[in-house]
Amino acid sequence: MKNNYILQAWLVLLLAVFYGGSLAGVQLSLSPKINENKINETRQRVPALVLGKDRANEPVEIESENIAVEKNGRKVFYNVFKAVQDGKQAGWVIKTSGQGYGDKIELLLGVSPDMSIITGLFVLDQKETPGLGNRIADPAWRQQFVHKKTDKKLVVVKTGAKAPNEIDAITGATISSRSVCAIVNNTLSDLKPKLAGVN
Amino acid sequence: MSNEPTPLERFIQGIIPENPTYRQMLGLCPTLAVTGNLKSAMTMAGAVLFVLFCANVIVSLIRNILKPHLRIVIFTLTIATFVTIVDRFLAAYMYSMSKALGPYIPLIIVNCIIICRCEVCASKQSVIHAGADAIGQSIGFALGLGSIAAVREILGAGSLLGFHVLPSCWPNWVIMALPPGAFFTFGLLMGTVNWFVSKKEKKQNNA
């Protein structure tokens, strides 16, 4: 009996079950509030992502919808915000995510109404390496995506971006930079056919 | 058992004589990372207080049924649970602060102060000892973080807790808000503390 590992670890197992249960409870009770915070943050970002940061304070009506995209036999859902100003569509903001170096990266991507030009990029959530990868959230780096055309896939380069579809990698964080680019590319190729003709 | 510290001794020791930051030099990752301004440093200290207190009390409660070779697993499990609770709580009620602290809240799980206190105090002494120890150590940690953060925020941004304290002609030393500022401040403050301690010891030796 003494050598039975499972019996020796009864306290560990019991505590794990107990802690797991209480964490599930915490998650259940707090997640509506956390999601509400995230949605509010998203909505506040919409004007700047569509109109540019100089016009971030202008009032914009926001209609939110979920769009399903069939991909490799699976359905992928995107949360899409349609920004309307003075009765005219000003652009789209797409909430999207993908795997980064450390954990999931959540992005907000602003695109022009006809889906041809990127108008803004914002990092909602990331857990990349502090000091290196987490610089994907720096405004200066994100600014590179603004005004990029969506007809060609964006590419990360380490030697200084020259071509119009090139993005400079962050020194020491090539994987994080590539992850952001890949998320943007995937999102655009998924949603372009769906959204480009809508307005 | 008579030579073991009493709850009051545990409490006082944590604040200055065994200050986690300056004397034990534990938990330096948050010390360097979140001391850019006083508010985030105090939030971090508050989170550590909660986690350390809960972990110490629970470990102390189960200390008699703890298998020695499985104790570290249980410490880590307990700490991780409370850190996750703090992380979710901050995301729900202090959203901007939770974003500013980013990965450093989940990183409390591997903060050596907490596992050190579980090992040194909570797994050997009663709940009252463990609780007093947790509060003392947390106050010491708050003092350590707070002193570094105050210096960095005043010199780096001319403000304290967001209020301007230096005249607006003060040229903000941006480097103090950046990572090198953390090392400069920490080194100088640590030197000062050690200088005072050695002076005090010399006096005692001479007397």
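Guide: In the hairpin of E2(A) and E3(A), which has two residues between the strands, Asp86(A) takes a positive phi near 50°. Strands (E, at least two residues) and helices (H or I, at least four) are DSSP runs, numbered from the N terminus. This is a predicted model, in which local features need pLDDT of at least 70 and side-chain atom pairs count only at pLDDT 80 or more, while totals for chains, interfaces and linings use all residues. Residues are numbered from 1 along each chain as its sequence is written, chains are lettered from A and ligands numbered from 1 in the order in which they are written, and side-chain values use heavy atoms, with hydrogens and water left out.

Visitor: How many bridges join E2(A) to E3(A)?

Guide: Seven bridges join strand E2 (residues 74–85) to strand E3 (residues 88–99) of chain A, and the two run antiparallel; strands pair if DSSP finds at least two bridges between them. Within this pair, Phe81(A) stands opposite Val93(A).

Visitor: And which way do E3(A) and E4(A) run?

Guide: They run antiparallel, with eight bridges between E3(A) and strand E4 (residues 104–111) of chain A, and a hairpin joins the two through four residues.

Visitor: Changing topic, how much space lies in the largest pocket?

Guide: The largest pocket holds about 1,300 Å³ of space. Of the 43 residues that line this pocket, the closest to its centre are Asn134(A), Lys99(B), Ala100(B), Leu101(B) and Gly102(B).

Visitor: Which element gives the most to that lining?

Guide: H5(B) does, with seven residues.

Visitor: Then Thr81(B): buried or exposed?

Guide: Thr81(B), which lies in helix H4 of chain B, counts as buried because its relative accessibility is 5%, where buried means under 20% relative accessible area, exposed over 50% and partly exposed in between (1.4 Å probe, protein chains only). A polar atom of the Thr81(B) side chain lies 2.8 Å from the backbone oxygen of Leu77(B).

Visitor: What is Thr81(B) in contact with, leaving aside neighbours within four places in sequence?

Guide: With those neighbours left aside, Thr81(B) is in contact (heavy atoms within 4.5 Å) with Tyr19(A) and Leu23(A).

Visitor: Last one, where is Leu155(B) found?

Guide: Leu155(B) is in helix H7 (residues 127–157) of chain B, and at 21% relative accessibility Leu155(B) counts as partly exposed. The C-alpha atoms of Leu155(B) and Met176(B) are separated by 6.5 Å, although the two are 21 residues apart along the chain.

Technical notes:
1 Å grid on protein atoms, 1.4 Å probe; cavity = no way out; pocket = protein on both sides within 12 Å on 5 of 7 lines; lining within 4 Å. Points joined across faces, edges and corners; volume = space filled by probe spheres on them. Polar contact = N/O pair within 3.5 Å; in protein donor to acceptor, adjacent residues only side chain to side chain.
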